Amino acid sequence: MALVAGIDSSTQSCKVVIRDAGTGALVRQGRATHPDGSEVHPDRWWDALQEAIGQAGGLDDVAALSVGGQQHGMVVLDRGGNVIRPALLWNDTRSAPAAAELIKNAGDGDPASGANYWAGATGTVPVASLTLTKLHWLAANEPENAAKVAAVCLPHDWLSWRLAGHGPVEHGEANLGALTTDRSDASGTGYYSTATDSYLPDVIKASLGHVPILPKVVGPLEAAATTPAGALIGPGAGDNAAAALGVGATVGDVVLSLGTSGTVFAVSATPAADATGLVAGFADATGNYLPLACTLNATRIFDATAALLDVSLGELNGLALSAGSGAGGLTLVPYFDGERTPNLPDATGSLHGITRANYSPANLARAAVEGVVASLADGLAALQAQGVQAARIILVGGGAQSTAVREAASALIGLPTLVPRPGEYVADGAARQAAAVLTGQFPTWELDAEEPQPASPAPEVLARYRSYAALHFPA
């Protein structure tokens, strides 16, 4: 029985799962927390990884491992392999003006032309989360640090490098040429072309002032390195790509993730290039593509509605189920914190169609559920406008455990819905990749999921939602 390890180094914590390479059976696991904040020294990730590995019983009997990690984070190293400054994470927004400047500059002052350039060049229009915008910020605000940058990598790249036995050296130069990454994480940097699978050195030079060492992009089934003990290290992946592996998503599958915010991504055979900026044209971890759209408002809408009605989330689910599809004509547009898809950062939420007959706790609960699912349906529509073929929905995240959410997804999206049991999808995907590197092919592990729910379309409910959501667009 060969064992493989999958690592998920997320914003909040580090998880390690150790599985049987052939069957995918879970053998043991561990977990450790990360510091809060949007700026974290990578050493803290390494410390958490060691703790999680210890909880999981160590890696001495593991034949291969792989790391899935939070995307976009800027890790900058000097010639000695030392971290120059704490990493700026995806959720650090200080680089938002830099993103706007990059778009404007690429279009010679015309943002629309600039957006077209970036969509064509990288598949993604710059936003604050991308690594490139953070490097642009670094050069403008910390020029002394920018001048020291000998290599730039992402969180999962840095951890894989350390697991291979590399690190800072006291004197001389570190082995920065041993840094590796994969297509999925490279595609979220802002200086990598998803369509051509190549870095864009002129792009990074224009922001940072020079071209640093960039991690080698390793193929989906290629070992990036070995640990000092001899275990193979897989190419790793960005968290969404690893999650897609973890739930077994293939071309035609669309993953809807309901957490604090919402994410919609699909495995696609063709790259995306959306000049509106709604869809990020990422790559996946198998050689395909992973176009992705985000919504800002998901389960926290349920939290707010439950608090208003003074009920638990379980009771909110029961109320929503008792109301039935359409909420009696009540429609909630859930732009409580502005919105990303569509791009309405200053929007607020709204409640429509109120009558004395339908203004009840049950209908309000149902409207909250349907509003969140409808906003995710808009994210799916943005993917489909990029040519994504959608045959099945895979519903994950905390919100997926709500029966009312599942019913709403079946009705508003109108596709068969699969709901995996709660699990560590990113770590499981990394473990599956490790097994693929070990054996030469991705294993067909059985997914622990509930029986697929057939579609029961209710297009009139989604159409009504969209008519009210359209009122939020500026004239």
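**Exercise 1. Is Asp 197 buried, exposed or partly exposed, and which side chain does Asp 197 meet in a salt bridge?**

Step 1. Asp 197 has a relative accessible area of 39%, so it is partly exposed. The classes are buried under 20% relative accessible area, exposed over 50% and partly exposed in between, with a 1.4 Å probe and protein chains only.

Step 2. The side chain of Asp 197 pairs with that of Arg 183 in a salt bridge, 3.0 Å from N to O. The term requires a side-chain nitrogen of Lys or Arg within 4 Å of a carboxyl oxygen of Asp or Glu.

Step 3. Arg 183 sits in helix 7, while Asp 197 sits in the loop between strand 10 (192-193) and strand 11 (198-199), so the pair ties together parts 14 residues apart in sequence. Helices (H or I, at least four residues) and strands (E, at least two) are DSSP runs, numbered from the N terminus.

A note on the source: this is a predicted model, where local features need pLDDT of at least 70, side-chain atom pairs count only at pLDDT 80 or more, and totals for chains, interfaces and linings use all residues. Residues are numbered from 1 along each chain as its sequence is written, and side-chain values use heavy atoms, leaving out hydrogens and water.

**Exercise 2. Which backbone oxygens lie by the side chain of Arg 183?**

Step 1. Arg 183 lies in helix 7 (residues 183-186). Its relative accessibility is 8%, so Arg 183 counts as buried.

Step 2. Find the oxygens. The side chain of Arg 183 reaches the backbone oxygen of Asp 284 at 3.3 Å. The backbone oxygen of Asn 288 is 3.0 Å from a polar atom of that side chain.

**Exercise 3. Which strands does the salt bridge of Asp 253 and Arg 392 tie together?**

Step 1. The two side chains meet at 2.9 Å, N to O.

Step 2. Asp 253 is in strand 16 (residues 253-258) and Arg 392 in strand 22 (residues 392-396), so the pair ties together parts 139 residues apart in sequence.

Step 3. Asp 253 is buried at 4% relative accessible area. Arg 392 is partly exposed at 29%.

**Exercise 4. Which helices does the salt bridge of Glu 407 and Arg 366 link?**

Step 1. The closest N and O atoms of Glu 407 and Arg 366 are 3.4 Å apart.

Step 2. Glu 407 belongs to helix 13 (residues 403-413) and Arg 366 to helix 12 (residues 361-384), 41 residues apart.

Step 3. Arg 366 counts as buried at 2% relative accessibility. Glu 407 is partly exposed at 34%.

**Exercise 5. How many salt bridges does the whole structure hold?**

A search finds 19. Glu 39, Arg 85, Asp 92, Arg 94 and Glu 142 are linked in a network of them.

Technical notes:
Polar contact = N/O pair within 3.5 Å; in protein donor to acceptor, adjacent residues only side chain to side chain.
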